[in-house]
Amino acid sequence: MGSMRIGFGYDSHRFDEARPLVLGGVRIPDHPGLLGHSDGDAIAHAVTDALLGAAALGDIGRHFPPSEPQWKDADSMELLARAVQLIRESDLRVCNLDVTIITEQPKIAPRACEMVARLSEVLGTAPEGISVKGKTNEGMGWIGAGEGLAVHAVVLLEPSGDDEDRWSDGDGISSTAL
Ligand SMILES: [Zn+2]
């Protein structure tokens with residue numbers, strides 16, 4: 001893949017009092033967690049889907065099916081790391097990422113820097129290329145009623161540039177021709 005690729009990911013989860021809240025790999029105390037087969041980390045899931053979408057590699061459910069017991073209560077940042085590995089195998093890397101969390105509570109801004117740091121670590125992208133921001137839904141609908149939260153993620157991938165040794169098992173096009 002020799003050109004820039006854009007991807008979009010969306011995820012939503014219902015709040016569950018019985019679970020710890022983890023968003024972008026950051027544990028947020030004193031707030032209900034997110035119901036899900038894994039840890040319910042909706043940021044990790046939306047970013048994973050954005051990465052897979054940008055590379056046209058399907059979606060999170062195809063690579064990490066909820067029917068498989070190995071993903072029960074899984075650390076979703078680990079799933080994200082696997083998606084990063086998949087895009088690396090397609091000679092792509094993350095240029096920049098923009099994430100919006102829509103929720104009434106908790107406030108995202110105080111923890112956004114930590115989320116950026118965790119995402120930076122897993123994506124191998126400088127923090128300057130990663131944006132995490134929160135919005136409320138102005139009290140409207142299921143988000144406004146505090147039933148759960150939603151996350152939108154947009155990612156831009158660029159050619160990794162260190163791919164000389166990978167072209168030989170690719171589509172037969174010489175790297176010098178590109
Ligand atoms: Zn999810």
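Student: Which residues have the most contacts inside the largest nonpolar core?

Tutor: This is a predicted model, in which local features need pLDDT of at least 70 and side-chain atom pairs count only at pLDDT 80 or more, while totals for chains, interfaces and linings use all residues. Residues are numbered from 1 along each chain as its sequence is written. A nonpolar core is a set of buried Ala, Val, Leu, Ile, Met, Phe, Trp, Tyr and Cys residues joined through C-beta atoms within 7 Å, and buried denotes 20 or more other C-beta atoms within 10 Å of a residue's own, exposed 12 or fewer, and partly exposed in between, with C-beta atoms placed from the backbone. The largest such core has 42 residues, and those with the most contacts inside it are I43, V47, L51, L97, V99 and V155.

Student: Which element supplies the largest share of this core?

Tutor: Helices (H or I, at least four residues) and strands (E, at least two) are DSSP runs, numbered from the N terminus. Elements that each supply at least two residues of the core include β1 (5-23), β3 (92-102), α3 (76-89) and β5 (148-159), as well as α1 (42-54). The largest share, nine residues, comes from α1.

Student: In what order do the elements of the protein chain run from the N terminus on?

Tutor: The secondary structure of the protein chain comes to five helices and five strands. From the N terminus on, the order is β-β-α-α-α-β-α-β-α-β.

Student: How many of the residues of α1 are buried?

Tutor: At 1.5 Å a residue, counted over one less than the number of residues, the 13 residues of α1 should span 18 Å, and the end C-alpha atoms are 18 Å apart, in agreement. The helix is largely enclosed by the rest of the structure, because its buried residues number 13 of 13.

Student: Which residues does L51 touch, not counting residues up to four places away in sequence?

Tutor: Two residues are in contact if their C-beta atoms, placed from the backbone, lie within 7 Å. L51 has such contacts with G7, A83, V84, I87 and V155.

Student: Why do the buried residues of α3 line one face of the helix?

Tutor: The buried residues of α3 are S76, M77, L79, L80, A83, V84 and I87. The arc is that of the directions from the helix axis to the C-beta atoms. Seen down the axis of α3, the buried residues line one face because they fall within an arc of 150°.

Student: Which exposed residues does the face of α3 turned away from its buried side carry?

Tutor: The buried residues of α3 are covered by elements including α1, α2 (60-63), β3, α4 and β5. The face turned away from the buried side carries R82 and Q85.

Student: Is α3 roughly parallel or oblique to α4?

Tutor: Axes are lines fitted to C-alpha atoms, for helices over the stretch in contact, and angles run from 0 to 180 degrees between N-to-C directions. Angles under 35 degrees count as roughly parallel, over 145 as roughly antiparallel, 65 to 115 as roughly perpendicular and the rest as oblique. The axes of α3 and α4 are 9 Å apart at an angle of about 40°. The two helices are therefore oblique.

Student: At what angle do α1 and α3 pack?

Tutor: Residues of α1 including A44, V47 and L51 meet residues of α3 including L80, A83 and V84. The axes of α1 and α3 are 9 Å apart, and the angle is about 10°. This makes α1 and α3 roughly parallel.

Student: Is D91 buried or exposed?

Tutor: D91 is found in the loop between α3 and β3. Its phi is positive, about 60°, although D91 is not a glycine. With 21 other C-beta atoms within 10 Å, D91 is buried.

Student: Is D30 buried or exposed?

Tutor: D30 lies in strand β2, and its phi is also positive, near 60°. With 6 other C-beta atoms within 10 Å, D30 is exposed.

Student: Where is P106 found?

Tutor: The peptide bond from Q105 to P106 is cis, with omega near -5°. P106 is found in the loop between β3 and α4.

Student: What separates the C-alpha atoms of H37 and P66?

Tutor: H37 is placed in the loop between β2 and α1, and H37 touches P66, W71 and K72, residues up to four places away in sequence not being counted. H37 and P66 are 29 residues apart along the chain, and their C-alpha atoms are separated by 6.3 Å.
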